[in-house]
Amino acid sequence: MAFVLPNLPYAPDALEPYVDTTTMTIHHGKHHAAYVNNVNAALEKFPEMKSLGIVDLNKVSIWYEFSVQTENTLQHTGGGHFNHSFFWKVMTKPSNSNGPSAELKAAIDKAFGSMEAMKEKFNAAAAGRFGSGWAWLGVKPDGSLGVTSTANQDNPLQQVAEEKMIPILGLDVWEHAYYLKYQNRRPEYIAAFWNVVNWEQVNDNFKAACGGGMPAL
Amino acid sequence: MAALLNGKLNLTARPAPAQRPSVRTNAVALKPLPYAPDALEPHMSKATFEFHHGKHHRAYADNLNKQIAGKEWDQKDLDTIVMSSWNNGNPTPEFNNAAQVWNHEFFWESMKPNGGGEPTGPLMEAIKRDFGSFDEFKNQFKAAGMTQFGSGWAWLVTDKSGKLSISKTPNAVVPVVEGKFPILTVDVWEHAYYLDYQNRRPDFIQTFMDKLISWDAVSDRFVKATA
């Protein structure tokens with residue numbers, strides 16, 4: 001079954017003033033929509049993979065593509081569709097969210113020392129990703145939390161990821177995610193992002209990740 | 001590497017820098033735009049230049065200068081820093097900044113007000129010979145720009161004999177590090193076009209080709225690279 005563009009979980013202006021309405025409209029309606037169309041088109045060449053959900057597609061596809069030595073279309077488009085679907089859900093209207101659960105907070109403190117220290121690491125990963133990419137907070141194979149960044153539309157589920165983890169929070173740092181409002185001021189965008197984090201979703205993601213899985217997208 | 005002669009990057013010549021200071025300073029300069037920031041309107045807006053040149057390009061120069069302050073490369077020219085920091089494909093932290101300074105200078109000089117149209121002379125002959133037609137060159141150049149996934153650049157390059165080809169590179173990579181002589185580039189980092197074109201990268205590249213290319217500059221570079 002072909003992938004479809006999921007609706008935004010909120011109106012395009014819901015994340016104002018931190019993420020502007022025009023960006024949300026174009027980011028979702030043009031960029032993400034194109035990934036959906038393109039991953040469906042790419043899967044025409046790999047019909048045996050059509051039955052995979054988007055998470056499994058990301059987990060297996062990259063190894064598969066390299067083994068058949070094709071251009072890494074699934075890596076780009078399957079990554080792009082997963083990343084954006086995931087991203088909309090970890091954001092919400094500012095002040096609509098209560099913060100990390102006790103369990104998540106404990107895991108953050110254990111891995112990083114404090115919430116502030118985690119944010120510093122995450123922010124550095126986001127600011128330091130040269131070119132296009134994403135920053136991630138996730139559960140590593142050993143069960144602890146980690147921060148990483150990936151290039152382009154890669155994500156830590158993929159075989160190509162330098163540091164594999166189950167993402168629980170992610171931030172798009174492609175310029176299209178922030179340029180209309182922030183232009184070159186990526187650090188300002190990154191700081192603003194914390195105002196729109198949907199901690200309830202992140203808590204759910206964390207709970208599922210501790211069991212080795214992810215909630216349905 | 002063919003492009004590296006006596007440790008200096010004997011690159012395609014760029015037009016004589018009119019405004020570079022004659023006294024060698026230690027810092028890598030933010031070279032001024034070759035035209036006013038509104039000169040390429042409406043195809044590339046003044047606002048875009050204010051950020052692209054005034055912030056992005058400036059930051060690459062500033063950050064490079066911080067990295068090399070007081071070190072050996074502080075006394076070198078930009079071409080040398082680019083080649084040295086490439087470090088044979090294992091780039092040092094300076095490379096991204098140095099190459100991006102180089103790339104942006106090269107990009108501004110690839111454009112001019114009332115640009116576009118077609119080249120003439122030996123360059124046009126070479127284009128027709130190596131691509132079949134000028135239209136086919138445009139198709140391939142546009143395709144390269146469209147398919148450079150994420151951030152990067154599309155290039156028209158020549159070898160010493162004048163054989164033309166199209167190249168695309170990610171992020172800060174510049175084909176000189178692969179021994180090719182660039183003669184034209186388009187920046188396809190989103191910051192190059194997002195204010196004016198948003199997601200419509202193909203439209204941006206088309207407009208760049210139709211309205212902005214300085215074929216004089218490109219021909220100059222071609223002649224000097226193949227001299």
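At what angle do helix H4 and helix H5 of chain B pack? Let's find out, keeping in mind that this model is predicted.

## Two helices in chain B

Helix H4 of chain B covers residues 121-131 and helix H5 of chain B covers residues 134-147. They pack at an angle of about 70°, and their axes are 8 Å apart. Angles of 65 to 115 degrees count as roughly perpendicular, so H4(B) is roughly perpendicular to H5(B).

Who meets whom here? From H4(B) come B:Met124, B:Ile127 and B:Phe131, and they meet B:Phe134, B:Glu136, B:Phe137 and B:Gln140 of H5(B). Sorted by class, this contact has five nonpolar residues, one polar and one charged.

## The nonpolar cores

The largest nonpolar core holds 66 residues, and B:Met111 and B:Phe208 have the most contacts inside it. The element that gives the most to this core is helix H3 of chain B (residues 94-108), with eight residues.

Beyond its neighbours within four places in sequence, B:Met111 is in contact with B:Tyr35, B:Leu40, B:Met44, B:Phe49, B:Phe208, B:Leu212, B:Ile213 and B:Ser214. Another core, of 62 residues, lies apart from the largest one. Its members include A:Tyr35, A:Leu157, A:Leu169 and A:Trp194.

## An annotated span in chain A

Turning to chain A, an unreviewed UniProt entry annotates residues 100-204 as "domain: Manganese/iron superoxide dismutase C-terminal". In the model, this span is 41% helix and 20% strand.

Conventions: Residues are numbered from 1 along each chain as its sequence is written. Chains are lettered from A and ligands numbered from 1 in the order in which they are written. This is a predicted model: local features need pLDDT of at least 70, side-chain atom pairs count only at pLDDT 80 or more; totals for chains, interfaces and linings use all residues. Side-chain values use heavy atoms; hydrogens and water are left out. UniProt positions are given in the numbering used here, feature names are shortened, and annotations may be inferred rather than shown by experiment. Helices (H or I, at least four residues) and strands (E, at least two) are DSSP runs, numbered from the N terminus. Axes are lines fitted to C-alpha atoms, for helices over the stretch in contact, and angles run from 0 to 180 degrees between N-to-C directions. Angles under 35 degrees count as roughly parallel, over 145 as roughly antiparallel, 65 to 115 as roughly perpendicular and the rest as oblique. Contact means heavy atoms within 4.5 Å. Ala, Val, Leu, Ile, Met, Phe, Trp, Tyr, Cys and Pro count as nonpolar, Asp, Glu, Lys and Arg as charged, and the others, Gly among them, as polar. A nonpolar core is a set of buried Ala, Val, Leu, Ile, Met, Phe, Trp, Tyr and Cys residues joined through side-chain atoms within 4.5 Å. Buried means under 20% relative accessible area, exposed over 50%, partly exposed in between (1.4 Å probe, protein chains only).
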